[in-house]
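Student: I have just opened this model. Can we go through the terms used for it, one at a time?

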Amino acid sequence: MSRKYKFHNPNAAYFISFAVINWIDVFTREAYFNVITDSLDYCRKNKGMLLFAYCIMPSHIHLIFRDDNENPSGLLRDFKGFTSKKMIESIIAHPKESRREWMLSMFKRAGEKNSNIKNYQFWQQNNHPIELWSPHVIKQKVNYIHNNPVKAGLVTKPWEWKHSSARNYAALDAVIEIDAIGFLG
């Protein structure tokens, strides 16, 4: 793996994106979004995550975060491991999931191709963290995150996407609290 895509500075804030295997649109039901938002909230309150921006798209997630415990790689590993299991459980348990068998077969097939996985693989393994080193770059990434649902044609204004910190930045009701960056207020 390239040095470019690793967490080198344990104190830094990072922009990170990660996707469901095969870019499957899983996050189409509120119960599935809740797995992610509840987990992010837990990480904020109990694992040292400072969350500055987020957007949960149907097939992927964007975050800007920092780990107060100085182990961003471990924090992300734990988050993805936990949410992977919870998402599989949620898909299995959802009474109206019409794509259940298909999604589980896709996750199972991906897991069989990966020696590190026992059963199902939910997330792609690549993360591509980008260290954020200046206010300009942070603002650029926040704008990218918030405009993602607009570019995808899901909404016309960033704050209309319920599962985005664009709502926090617009002082609207949001699904999860974020931490203040300070200069972006």
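This is a predicted model: local features need pLDDT of at least 70, side-chain atom pairs count only at pLDDT 80 or more; totals for chains, interfaces and linings use all residues.

Student: What does the radius of gyration say about the protein chain?

Tutor: The radius is taken over C-alpha atoms, and the globule rule is 2.2 Å times the number of residues to the power 0.38. For 185 residues, a compact globule would come out near 16 Å; the protein chain has 16 Å, so the two agree. Its C-alpha trace spans about 45 × 35 × 30 Å along the principal axes.

Student: What makes the strands a sheet, and in which order do they lie?

Tutor: Two strands pair if DSSP finds at least two bridges between them. Strand 2 and strand 3 (residues 60–67) have seven bridges, in the antiparallel sense. Within this pair, A53 stands opposite I64 of strand 3. The four strands form an open sheet in the order 2-3-1-4, with antiparallel pairing.

Student: Why are strand 2 and strand 4 called edge strands?

Tutor: Strand 2 (49–56) and strand 4 (130–132) each pair on one side only. From one strand to the next, the twist averages 25°.

Student: Which helices lie across the sheet strands?

Tutor: Helix 2 (residues 72–93) lies across strand 1 (13–19), strand 2 and strand 3, at about 30° to strand 1. Helix 4 (residues 135–151) lies across strand 1, strand 2, strand 3 and strand 4, at about 150° to strand 3. Axes are lines fitted to C-alpha atoms, for helices over the stretch in contact, and angles run from 0 to 180 degrees between N-to-C directions. Contact means heavy atoms within 4.5 Å.

Student: How do you know how helix 2 and helix 3 are oriented to each other?

Tutor: Their axes come within 9 Å and cross at roughly 155°, helix 3 being residues 100–112. Angles under 35 degrees count as roughly parallel, over 145 as roughly antiparallel, 65 to 115 as roughly perpendicular and the rest as oblique. Helix 2 and helix 3 are therefore roughly antiparallel.

Student: Which residues make that contact?

Tutor: I88, I91 and I92 of helix 2 make it with R100, M103, L104 and F107 of helix 3. By class, there are six nonpolar, no polar and one charged residues. Ala, Val, Leu, Ile, Met, Phe, Trp, Tyr, Cys and Pro count as nonpolar, Asp, Glu, Lys and Arg as charged, and the others, Gly among them, as polar.

Student: How do helix 1 and helix 2 pack?

Tutor: Helix 1 (residues 30–46) packs on helix 2 at about 150°, with the axes 10 Å apart. Helix 1 and helix 2 are therefore roughly antiparallel too. Their contact divides into ten nonpolar, three polar and one charged residues.

Student: What makes N22 and A171 worth a look?

Tutor: N22 is not a glycine, yet its phi is positive, near 55°. N22 sits in the loop between strand 1 and helix 1. A171, also not a glycine, has a positive phi of about 60°. A171 is in the segment after helix 5 (166–169).

Note on methods
Residues are numbered from 1 along each chain as its sequence is written. Side-chain values use heavy atoms; hydrogens and water are left out. Helices (H or I, at least four residues) and strands (E, at least two) are DSSP runs, numbered from the N terminus.
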